Every structure is written in structure tokens, then in C-alpha cells.
Amino acid sequence: MKNAVVTGAAGGIGEAVVRRLAQDGCRVWACYYRSKEKALRLYAGLSCVEPVFLDVRDFPAVEETLRSIENTSGGIDILVNNAGIAQQKLFTDLTDEDWREMTDTDLGGVFACCRAALPGMIRRKWGRIINISSMWGQSGGSCEVHYSAAKAGVIGLTKTTAREFGS
């Protein structure tokens, strides 16, 4: 049985990923941030799915949570970085806080989760990391400069970590 961690598991894409992994026989840690009740409701009755609180912006908490999952499960085999936020705002209206919240969540969270999961995958010589980005990371989206920049960063992070650790 493979062990999987999915961030942003209480949203539409996250739920679909969790359910597919469970259907395929994985044990899944479904990470939520703002939607505890929804996550508990979505996965009630699925014994192979464990909802877990995780703020992907909190790097020490990410490290601690993924280390705990790693230690209790025997290893994280699959990591799906799906947590993200979106906001439409003109570039000239963006605040420092808007920029930080977007990049800390959509890019920083991917970095933190990859950094926490990779050592075990490298040690076991097996693992899969799937990072969810957006077409706006390639083409840019009007009124979404911070979202587009963060998603472009995810694409770059994915390509470079694949080159560095893919073998």
C-alpha cells in the first residue's frame, strides 16, 4: 500500500485526487487548512483517508507534520501539492500582504512540502511528487499578477527538482 499526502484536500481538485488515490489503494493524508468540517465530512467513512490540518505557509509545521506522517506510516510515497489560493486584483491595487499571502501559499507551500518529503523518497529510492500549477503560470493572467507569478514559480520549481532528483 502506497502512502500519499495531498494538500488542499478539501477543495474540488484536492477531493478528486484524494478519492482517486484511495480508490487506487493508497492510504491518504488529506491536508486541509480552513475547511476542517468539510474535510471531515468529505472523508467520513473512508478508513484509508485521514484528514490532517496543515498550513503550508508555516514551514516548521510542514516539516513537523510530514515528518510525523513519514515516521508513523513508513514513508511518504506520493506527495500532491494542491493547496492554493486565488485573488483577482489589479497590479496597482496589490498590497504587500496580498503578494506575501499568495506567494507564501501557492509557491512557498510547494517548496516546504517538497523539502520535507524528498529526504525520505531519496532514502527509499522511490517517490512521486505532483505539483498543481495553472495555465496562468505559463501565459500570465490579467488582474492576477501575484497568482501568475507564484504559479510560474511552481512550474520552475517542478522542472528543477525533477532534473535534480528525477534519477
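Helices here are DSSP runs of H or I that hold at least four residues, numbered from the N terminus. With that in my notes, I opened the structure, which is a predicted model.

**Entry 1: Ser73**

I looked up Ser73 and found it in helix H3, which covers residues 59-73. Is Ser73 buried or exposed? Its relative accessible area is 16%, and buried means under 20%, so Ser73 counts as buried. Next I checked what Ser73 touches. Setting aside residues up to four places away in sequence, I got Asn3, Arg27 and Trp29. I also noted that the side chain of Ser73 reaches the backbone nitrogen of Gly75, at 3.1 Å.

**Entry 2: helix H2**

Then I went to H2, residues 36-43. Which residues of H2 are buried? I wrote down Ala39, Leu42 and Tyr43. Looking down the axis of H2, I saw that these buried residues fall within an arc of 80°, so they line one face of the helix. I turned to the face pointing away from that buried side and found the exposed residues Glu37 and Arg41 there.

What covers the buried residues of H2? My list includes helix H1 (12-23), strand S2 (27-32) and strand S3 (49-53). After H2 comes Gly45, and I noted that its phi is positive, near 90°.

**Entry 3: Ala22**

Ala22 is buried, with a relative accessible area of 15%. Skipping neighbours within four places in sequence, I found Ala22 in contact with Val28, Cys48 and Val49. I also compared Ala22 with Ser167: they are 145 residues apart in sequence, and their C-alpha atoms are 27 Å apart in space.

**Entry 4: two phi angles to remember**

I reminded myself that most residues other than glycine have a negative phi. So I looked up a couple of residues that go the other way.

Lys125 is not a glycine, yet its phi is positive, about 60°. Where is Lys125? I found it in the loop between helix H4 (96-124) and strand S5 (128-131). Lys125 counts as exposed, at 74% relative accessibility.

Cys143 isn't a glycine either, and its phi is also positive, near 65°. I located Cys143 in the loop between helix H5 (136-139) and helix H6 (145-165). With a relative accessible area of 32%, Cys143 is partly exposed.

Terms used
Residues are numbered from 1 along each chain as its sequence is written. This is a predicted model: local features need pLDDT of at least 70, side-chain atom pairs count only at pLDDT 80 or more; totals for chains, interfaces and linings use all residues. Side-chain values use heavy atoms; hydrogens and water are left out. Buried means under 20% relative accessible area, exposed over 50%, partly exposed in between (1.4 Å probe, protein chains only). Helices (H or I, at least four residues) and strands (E, at least two) are DSSP runs, numbered from the N terminus. The arc is that of the directions from the helix axis to the C-beta atoms. Contact means heavy atoms within 4.5 Å. A polar contact is a pair of N or O atoms within 3.5 Å; within protein, one must be able to donate a hydrogen and the other to accept it, and residues adjacent in sequence count only if both atoms are side-chain atoms.
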